[in-house]
Amino acid sequence: MVVGKIVLCDVGKTRQTMAEKGEAVKLAGGAGAIVVSPEEYGLVYDADVGHYIDFLCALGYNAKQIALFTNDGSVTDCSQHASSVGDHNYPAFSVVFKSDVAVTTQRRVVTNVGKNARATYTPRVTSPPGVHVTVKPWKLQFSATRPAQEYTVTFESRRTGSLKKKHAFGSIVWTEGVHRVASPIAFTW
């Protein structure tokens, strides 16, 4: 099982990030790549073994199946791991709408590892027609005593009959003026 920090960061002001590129790139992935040297990181999404066990439980894996991943002989009781698949602390978002009018909220925690411990990040949201995206809080204010911040993203489908695509894409790009931390979003109806 791979655990650790997942970093998405682009310090360039003119380069497009993976989350902002074409549809084929978005379908192929586009999150989790470290694209700068460690001293230039902005934000990281921490994920440890517990996060991955929560994720597997949310997917419906049983104790025997999870033991294949943990490989440590432990038995996982998924009733002790209340989690949603959408809340896995990963930079990318995957949203499945079960109807044309639906709402779902996902949660993430990011840690500021940039040189400026007192950084304030704000998001730029790009969403397709028919989807309203709300990020709360709108600003992530970090300090030396508060290096980690939680945020939620609410996705609301407002699809009309004229929108026929089954898939759509967007992104959230957090910046404090130097780093650009991009999260691709994939939507499915």
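Which side chain makes a polar contact with the side chain of His179? The side chain of Glu176 does, at 2.6 Å. The views below start elsewhere and return to this pair.

This is a predicted model: local features need pLDDT of at least 70, side-chain atom pairs count only at pLDDT 80 or more, and totals for chains, interfaces and linings use all residues. Residues are numbered from 1 along each chain as its sequence is written, and side-chain values use heavy atoms, with hydrogens and water left out.

**View 1. Five strands form an open sheet.** The strand order is β3-β10-β9-β5-β7, and the pairing is mixed. Strands (E, at least two residues) and helices (H or I, at least four residues) are DSSP runs, numbered from the N terminus. Two strands pair if DSSP finds at least two bridges between them. At the edges lie β3 (93-96) and β7 (140-141), each pairing on one side only.

View 2. β5 covers residues 120-126 and β9 covers residues 167-175. Five bridges join these two strands, which run antiparallel. Thr126 stands opposite Ser171 in β9. β5 also runs antiparallel to β7, joined by two bridges. Here Thr120 stands opposite Gln141 in β7. In a regular strand the side chains alternate between the two faces of the sheet.

**View 3. One disulfide is present in the structure.** A disulfide is counted when a pair of cysteine sulfur atoms lies within 2.5 Å. Cys57 and Cys78 form the link, with S to S at 2.1 Å. The link is left-handed, with -75 degrees about the S-S bond. Cys57 sits in helix α2 (residues 49-58) and Cys78 in the loop between α3 (63-70) and β3, so the pair ties together parts 21 residues apart in sequence. Cys57 is buried, with a relative accessible area of 10%. Cys78 is partly exposed, at 24%. Buried means under 20% relative accessible area, exposed over 50%, and partly exposed in between (1.4 Å probe, protein chains only).

View 4. An α-helix has 3.6 residues a turn, so residues three or four places apart point the same way. Asp48 caps the N-terminal end of α2. A side-chain oxygen of Asp48 lies 3.0 Å from the backbone nitrogen of Gly50. Gly60 follows α2 and has a positive phi, near 100 degrees.

**View 5. Leu43 is buried in strand β2.** β2 spans residues 43-47. The relative accessible area of Leu43 is 0%. The C-alpha atoms of Leu43 and Thr111 are separated by 5.4 Å, yet these residues are 68 apart along the chain.

**View 6. His179 contacts Glu176 through their side chains.** His179 lies in the loop between β9 and β10 (180-188). This histidine is buried, with a relative accessible area of 9%. The polar contact to Glu176 is 2.6 Å. A polar contact is a pair of N or O atoms within 3.5 Å; within protein, one must be able to donate a hydrogen and the other to accept it, and residues adjacent in sequence count only if both atoms are side-chain atoms.
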